[in-house]
Amino acid sequence: MKNKKLNNGISEIRKITMTGDEKKRIFDNVLSYTIPEKKFIKSPWISEVFVSILYKKNLAFYIIVPLLVVLSSGGIVFASQESLPNSIFYPIKVNVIEPVKGALTFSLKNKAKYESSLARERLIEAEILASQNKLDSTNEKRINKLLMDHTNGLDKTLDKIDKSDSDIDTNEIITNFRAEMNAHSKVLENIQIQKEDKNDSDNEDNKVYKEARKSSDKIRNYKNIKDLNDSDKYLKRKESVELLINNIDKDFKIKSLDDEKEKNTETQKTINEAKKYMEEVYENEKVGSIEEAYEALLDSESYIKEANILSNEESKNKNDDED
């Protein structure tokens, strides 16, 4: 019986293939690429990427396996994109596809954004598993390890950007990352509390939402105060955050007008935190502590972005309950 089920499963997997349009797009993109006629600049990532790959994994694994998968049974690649930690396709996703995409992302700004997006993806995967009551300690440890790797990757990339003396706004990347980590950690914690999850997870230190908060704190400690050397940039950022606070606060009050319970949700608490840090900005400016004012401004920005994510999540959950 087991062999029959296994054979049926293998048969179904073999049926997964790319459509003609998908294959055509891939080969068109490859064949249409042309090398610019200008002096080549050695990428600072080349040596690190290949040394790291050679050290940790067999190079053939990263080059030959993906190529064979794409050419012979590319459907597996597409199927793995949506896979979760409890899926047989998940190792292909996190050990092959994502590292290859990362290795082929040479812009420091895009690389930082990519690492941040992967960390967010891990939390969304945890939320889905938790909602299905399948986020056991094994899956939590797997997600935590990946989350730590993505956070370390982001931290190293931010450091490279800083040393490159570029005009990339790393604080935008940092506040977005912190907002995503903190917001989704709250969503995940709430799901697990509601589910009263007891799935082999007695060790509270393994909780994914705790690891997410550690990731947020780690990136918060990265210092980039370049904008302090440009008063126009500082004022522009301050005005932008103030506008964001006012708009999100106004929108949330309209949403919660007919629902007294919504006024005390995590969204409202987070909006209040954003306002509190903005008050610190004003206070520090009055006494001439501009660096402290800027740090408070970044905290305020992070909190109001977090509130926006939480507001959207709460609206989505409310709509799902009504359906």
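I began with Glu-121, which counts as partly exposed at 28% relative accessibility. I note that the model is predicted.

**Glu-121 and its partner.** I looked up the salt bridge of Glu-121 and found its side chain meeting that of Lys-93, at 3.3 Å from N to O. Lys-93 belongs to helix α6 (residues 90-103) and Glu-121 to helix α7 (residues 108-131), so the pair ties together parts 28 residues apart in sequence. Lys-93 is buried, its relative accessible area being 5%. I then traced a network of salt bridges that links Lys-93, Glu-98, Glu-121, Arg-122 and Glu-125.

**Helix α13.** I next examined the salt bridge between the side chains of Lys-186 and Glu-306, with an N to O distance of 2.7 Å. Lys-186 lies in helix α9 (residues 170-195) and Glu-306 in helix α13, so this pair ties together parts that are 120 residues apart in sequence. I recorded Glu-306 as buried at 1% relative accessibility, and Lys-186 as partly exposed at 22%.

Within helix α13, I found Glu-313 and Lys-316 three residues apart, about one turn of the helix. Their side chains meet in a salt bridge of 3.5 Å, N to O. Glu-313 counts as buried at 13% relative accessibility, whereas Lys-316 is partly exposed at 43%.

I also checked Ser-311, in helix α13 (residues 290-322). Ser-311 is buried at 6% relative accessibility. Beyond its neighbours within four places in sequence, Ser-311 contacts Phe-252, Lys-255 and Thr-267.

**Whole chain.** I counted 13 helices and zero strands, and 22 salt bridges. Of the 323 residues, 40% are buried.

Note on methods: Residues numbered from 1 in each chain as written. Predicted model: local features only at pLDDT ≥ 70, side-chain atom pairs only at ≥ 80, totals over all residues. Heavy atoms only, no water. Helix = DSSP H or I, 4+ residues; strand = E, 2+ residues; numbered from the N terminus. Buried < 20%, exposed > 50% of the residue type's maximum accessible area, 1.4 Å probe, protein only. Contact = heavy atoms within 4.5 Å. Salt bridge = Lys/Arg side-chain N within 4 Å of Asp/Glu carboxyl O.
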